[in-house]
Amino acid sequence: EARETKVKVAYGELNFEVTVKQEGKKETPKAPVFELVSEEVMEFGQEQALGTIEFKLENPIEGQNVAAEADVNWITDVTVGEKVTFAVAANDSTEAREGKVTVSYTTLSFEVAVKQAGKTLEPELAIVAGEAAEFEAEGGNGAIEYEVKNAVEGTELVATCEAEWIEVAVVAAESKVTYTVAANTKAESRSAKVVLTYGELKAEAKTAS
């Protein structure tokens, strides 16, 4: 705090006073503290989404503001308030992508990596050969060739047939289903379907003897 006093000078009956004033000690302003509070890496799915970046600001400098900007055009609407918010556009590509948001205050700054997954294509199942087959009464062996597009990890193709006279097996390495048709000892012809199932997808092949 400032202070003040007086110095009195006297000579006989004569005197005068001098007022002495002194300022108080000036405190050195504390340096601002600007730090990221939320995660350094933010991950999003393929769809449109909103993101929030939390930060800590201590000892702000009058007249200085926090600023933020993205380095890619699919990160939009970057807004600074008590937090930094932004929008992530939907990713229509199957490729994942990455950008960053830089948040700064005077000479201080930090970066947040923004990662977004690519679009996942739905799996497709199709029979490319052997969709229909006919056998003599003696029976025999057959094969169905199939194709799976946009395969899902951990999902396997399953082949089934309700007819007891057809035995099926899946040869996944060759994208093929093999089957054995037993001999028909009856005069009437017969037919059945071999059903290929991949997740929720189904395809059918018809066999007759």
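Let me start with a rule: rings of Phe, Tyr and Trp (its six-membered ring) pair if their centres lie within 6.5 Å. Planes under 30 degrees apart count as stacked, over 60 as edge-to-face, and the rest as tilted. By that rule Phe34, Phe55, Tyr105 and Phe110 form one aromatic cluster.

Some ground rules. This is a predicted model, where local features need pLDDT of at least 70, side-chain atom pairs count only at pLDDT 80 or more, and totals for chains, interfaces and linings use all residues. Residues are numbered from 1 along each chain as its sequence is written, and side-chain values use heavy atoms, with hydrogens and water left out.

Now the whole chain. The protein chain has zero helices and 19 strands. Helices (H or I, at least four residues) and strands (E, at least two) are DSSP runs, numbered from the N terminus. The radius of gyration is 40 Å, well over the 17 Å that the globule rule gives for 209 residues, so the chain is more spread out than a compact globule. That radius is taken over C-alpha atoms, and the rule is 2.2 Å times the number of residues to the power 0.38. Along its principal axes, the C-alpha trace spans about 155 × 25 × 20 Å.

How much of the chain is buried? Buried residues make up 25% of the 209. Buried means under 20% relative accessible area, exposed over 50%, partly exposed in between (1.4 Å probe, protein chains only).

Next, contacts, meaning heavy atoms within 4.5 Å. Among contacts between residues at least 6 apart in sequence, 58% join residues at least 24 apart.

Back to the rings. The structure holds five aromatic pairs. One of them is Phe34 with Phe55, tilted, at 5.6 Å centre to centre and 55° between the planes. Phe34 lies in strand β3 (residues 33-36) and Phe55 in strand β6 (residues 55-58), so the pair ties together parts that are 21 residues apart in sequence. Both Phe34 and Phe55 are buried.

Which way do the rings of Phe34 and Tyr105 sit? Their centres are 5.9 Å apart and their planes at 40°, so this pair is tilted. Tyr105 lies in strand β10 (residues 97-105) and Phe34 in β3, so the pair ties together parts that are 71 residues apart in sequence.

And burial at these two positions? Phe34 has a relative accessible area of 9% and is therefore buried. Tyr105 comes in at 1%, so Tyr105 counts as buried.
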